[in-house]
Amino acid sequence: MDTPTEADETAIRARADLLTSIVLVGLGLTIFYLSWTMPRLEARHIHPATIPGLVPLILSVGLTLCGALLGLRSWRIEAEGGWRGLAGIFTTRQALRVLVILGLALVHTLILVGWLPFWAAAMLFIFAFIMIFETWLADGPITPLSTLGWAIAIAVFGGGGIYLVFERIFLVRLP
Amino acid sequence: MFDGLLLLGQGIGHFLTPAALFNVAWATLLGVVIGILPGLTATMGVALLVTLTYKMAPDQAILTLMCVYLGAIYGGSRTAILLNIPGTPANAAATLDGHPLAQQGKAGLAMGLATTSSTLGTLVGIFFLAIIAPFLAEAALKFGSYEFFWLALFGVVISGQMTGSDTPLKGYIAGILGLLVAMVGMETLHAHQRFTFGISQLGGGIDLIPAMVGAFGLAEILSAMKRNAVAHVASVNDRVVPTFREIFRYWKTIIRSGVIGTFIGIIPGVGEDVGSWTSYAAAKRASKHPEEFGKGSQEGLIAAETGDNAVVSAAMIPTLTLALPGSAAAAVLIAAMYIHGIRPGPMIMVENPVFLYQVVAMLLLATLANLVFGLSLTKVFIQVLRVPRQRLMAVIYILCVVGSFAITQRMFDVYVMLGFGVFGFILREMKYPMAPMVLGIVLGDLLDLNLRRGLLLTNGDPTPFFTRPISAVICLIIVFTILMSIPAVSKRVRALFTRGRAAPAQG
């Protein structure tokens, strides 16, 4: 079920909204507590109406209120099969595509950058990205040799080009 | 009046140099390409380009960013017509009539109409920018902390109300989340560090550019790559340059859409997509042939494309005179202006009046470049549409890393980009609009500082927030906006008006 129907989508969103509303109310209450207990700088004799926690406190009330209203709204929507649909989203090919990109991005940014020179990390990322999305997760027919050629070319020219343009021509420091 | 014309002349003259014209040419072309590519938006383009313009002179840097912005909003219409996918969210309304025209074998005419109406829309917006901005800047000099507090709140509330496609509630939540993000770091009144949890990098707060690159760059990559649909590009076999008659028979639609776009642009944080949809709806209501709308109406396409481009110019009115961004991309422009030492806000006409007219000149040059490229490079742009997205998105991610790192040269900002990318993607998937969040991040500090400074001035008495005339008006508009977003209230208010209109008809 890669492409849910409109009715399915409404049901799934209603349940997702319900979950989000719980998170939002929780977040709102946490921020309320943190703002309430934030130092009021009495030692510096500041006016009590100008305490640093004032605006976060007001915002946390707003967030809690909006979160609760969203929860109420989504609770009222008829959502037959909403929970099942919501759980099903995480097993779709679309979810896999998103997770693969996130995985690649995390490996590139948290591991490769700093361990390899920036241009090399960039080339590796571009190469892996194109190879994966033109073979394993391809939309259409797979042409491995052509993909390999394009992946190498774009990795070299893209990664190398960004390095040259930014660091050498525009004198911008890279990670 | 004549001073204004003189300054405008100077503004245009200032950019008539080979270097500036070269910047106009490449930046507009890049903007159009960004707009054409589905998944790359104007905001993302401007956010990524801030890095590239970092070492440029301030006027050339803003000129470059402005050209990218305008080019991208225009370029998105190509994708809407040829692929039936809006190149940027601003062009969603253009798909309704643009693509049916292409299917009827009139792709060239549709592109020509979109190009000319984009230019005319920008010109209407520019006209109002040049007229309204100086007066608004002068009026804003009388604004105090009270008014600025309400203006900041007004921006977030109205943006939340108008961009929340699912329910205004989601727009408000996005706005509050943005405001809360702005609360992180050292506050400006007492220099107290809030919500930093001992992380020293959070001391200065969360920078707008990495957050925007994440929310509009990485989040867009994830959204674009999630889909696995491959669309078919419509062929172009007819002429692209429209005749004067084809355009000017719709002069009323052009002027109406331009004025609507301008009005939407002036409202902080509302943006081009709302401008385009509102103009389209108004054109349909006023048209002699409303039944043709959605089936290839030239009038519908003209209305949509005039409306969104008028927003770009008009968004500069609050951006320059009040430092309240008129759209998400304008928020990045404000950040870029600060980086280059230009301070938008009420003092602009006192400190730097030339700059306002330079912006007018930038928009004029960018729209001329759009017109020339749009009518002459059709075949090249069609080739751009055929680039497989996975080959492009891989390179775009690397640009996101560079774009978020380069301004302050901290890996922390790259992690912020990653965080906002994931957060932005989840919010988008759940139909939360991004514009109020961006506006919240930009206006959070202004709102916080002015509320507490106002209270400090009155020794804790909030009365002036409600009794000063301008404050009272903005406050009433905010209350009315929030009330109107409650279905039960809005239904009753609307019923009052329809009953009022129905009564004379019956009598």
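**Before you click**

Residues count from 1 along each chain as its sequence is written, and chains are lettered from A, with ligands numbered from 1, in the order in which they are written. Since the model is predicted, local features need pLDDT of at least 70 and side-chain atom pairs count only at pLDDT 80 or more, while totals for chains, interfaces and linings use all residues.

**Stop 1: chain A, coloured by confidence**

Start with pLDDT, the predictor's confidence in each residue, from 0 to 100. Chain A has a mean of 91, and 98% of its residues reach 70 or more. Select 82-89 of chain A for helix H3, where confidence in the chain is lowest at a mean of 87; then jump to 54-76, helix H2, where it is highest at 96. Helices here are DSSP runs (H or I, at least four residues), numbered from the N terminus.

**Stop 2: helix H5 of chain A**

Select 118-134 of chain A. These 17 residues reach 24 Å from first C-alpha to last, close to the 24 Å expected at 1.5 Å a residue (the expected span is 1.5 Å times one less than the number of residues). Buried residues in H5(A) include Phe118(A), Phe125(A), Phe129(A) and Phe133(A). Buried means that 20 or more other C-beta atoms lie within 10 Å of a residue's own; exposed means 12 or fewer, and partly exposed is in between, with C-beta atoms placed from the backbone.

What do the buried residues of H5(A) pack against? Show helix H4 (93-115) and helix H6 (144-169) of chain A, together with H18 of chain B.

**Stop 3: across to chain B**

Two residues are in contact if their C-beta atoms, placed from the backbone, lie within 7 Å.

**Stop 4: two loops in chain B**

Select Lys431(B), in the loop between H19 and H20. Its phi is near 65 degrees, a positive value in a residue other than glycine. Lys431(B) counts as partly exposed because it has 16 C-beta neighbours inside 10 Å.

Next comes Asn459(B), in the loop between H20 and helix H21 (464-467). Phi of Asn459(B) is near 60 degrees, again positive in a non-glycine residue. Is Asn459(B) buried or exposed? Asn459(B) is exposed, with 8 other C-beta atoms within 10 Å.

**Stop 5: Leu129 of chain B**

Finish at Leu129(B), in helix H6 (residues 107-140) of chain B. Why does Leu129(B) count as buried? Because it has 29 C-beta neighbours inside 10 Å. Leaving aside neighbours within four places in sequence, Leu129(B) is in contact with Ser313(B), Ala314(B), Met316(B), Ile317(B) and Val360(B).
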